[in-house]
Amino acid sequence: MAMAAFRREGRRLAPLISPRPITAVRSSPLPPTHEDEGPIGVRYISTQVVRNRMKSVKNIQKITKAMKMVAASKLRAIQSRAENSRGLWQPFTALLGDNPSIDVKKSVIVTISSDKGLCGGINSTSVKISKALHKLNSGPEKENKYVVLGEKAKAQLVRDSKKDIELIITELQKNPLSYSQVSVVADDILKNVEFDALRIVFNKFHSVVSFLPTVSTILSPEVVEREAEAGGKLGDLDSYEIEGGETKSEILQNLAEFQFSCVMFNAVLENACSEQGARMSAMDSSSRNAGDMLDRLTLTYNRTRQASITTELIEIISGASALEG
């Protein structure tokens, strides 16, 4: 009875069987991309290879989802501190001003970036703006230097601007960020770098999917004093009463140094928030892409398995027909 069934199936499927011999197994590991690829009887990618790929993609998806959750947890911890730090620098900027277009001889660009990657293009954006500022303020009698915070900006600027880098500080976020920690970094910059104006480049946090590249300008105490003597907004300091034995020059120097440490603290926190928000978005996109890839691999697996079963049936029926013939 079994042979009779084989003969019936062989007669029914005979028009579908190719008269050409079955070719060798395709060596390419890529799955077919069209509905009607290759001649009938060609064996495609094995189901074991597809299963291995599916397993790898699932593992990657688990990692990206975990990284997204970790970034969300860190963002919640930093965001409130960044919003509170805005009240530190705003009064000093209102008093001393922020002059991004001021023309000075010695300009230092402080580029703030992250120490780790997988956070979109926030680091590349900071580096591009820093290079644009460097080019904009270059001249025959002008000096432009870099102060780099973070491994990612360091890796990009060292390649083509190594001679202009004055100071490099990394692993700033290894410990939880605090004002005392950032003030030590600011004091180190003030002691080791000569400048007339500091331009701090960072990413200001707006939301998880939105950050704004920002430049804050801090003048040196000498330039602040010169601007105060020239009048304008800083000339209004003469209307305030000064208690103690400090002179106007000493007060301006203290205010300028404290303004720099406050702006630096806020800039580091804002950039850290932008980093975690960008990492959340990047990991979410990666997880969704992994899901789409899993869907395509599942479809490929089902088609490959079905093609393998059909090929085996055809071979059995052809063998039975050959024995009967």
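This report describes the sheet, a helix lying across it and the nonpolar cores of a predicted model.

## The sheet

Five strands form an open sheet in the order β3-β2-β1-β4-β5, and their pairing is mixed. The edges are taken by β3 (165-169) and β5 (210-219); each has a single partner strand, so one side of each is left without a neighbour in the sheet. On average, neighbouring strands of this sheet are turned by 20° against each other, direction ignored.

Strands of a sheet pair through backbone hydrogen bonds, either parallel or antiparallel. Here β2 (residues 143-149) and β3 run parallel and are joined by four bridges. In this part of the sheet, V148 stands opposite I168 in β3.

## A helix across the strands

Helix α3 (residues 122-136) lies across β1 (106-112), β2, β4 (197-207) and β5. Its direction is at about 150° to β4.

## The nonpolar cores

The largest nonpolar core has 35 residues, and those touching the most other members are V110, I112, L149, I200 and M264. At least two residues of this core come from each of α2 (47-96), β1, β2, β3, α5 (179-192), β4 and α7 (248-324). The most is given by α7, with ten residues.

Which residues does V110 touch, not counting residues up to four places away in sequence? They are V147, L149, L198, R199, I200, V201 and M264. Another core, of twelve residues, lies apart from the largest one; among its members are I102, V224, A256 and C262.

How values were computed: Residues numbered from 1 in each chain as written. Predicted model: local features only at pLDDT ≥ 70, side-chain atom pairs only at ≥ 80, totals over all residues. Heavy atoms only, no water. Pairing = 2+ DSSP bridges. Axes fitted to C-alpha atoms, helices over the stretch in contact; angles between N-to-C directions. Contact = heavy atoms within 4.5 Å. Core = buried A, V, L, I, M, F, W, Y, C linked by side-chain atoms within 4.5 Å. Buried < 20%, exposed > 50% of the residue type's maximum accessible area, 1.4 Å probe, protein only.
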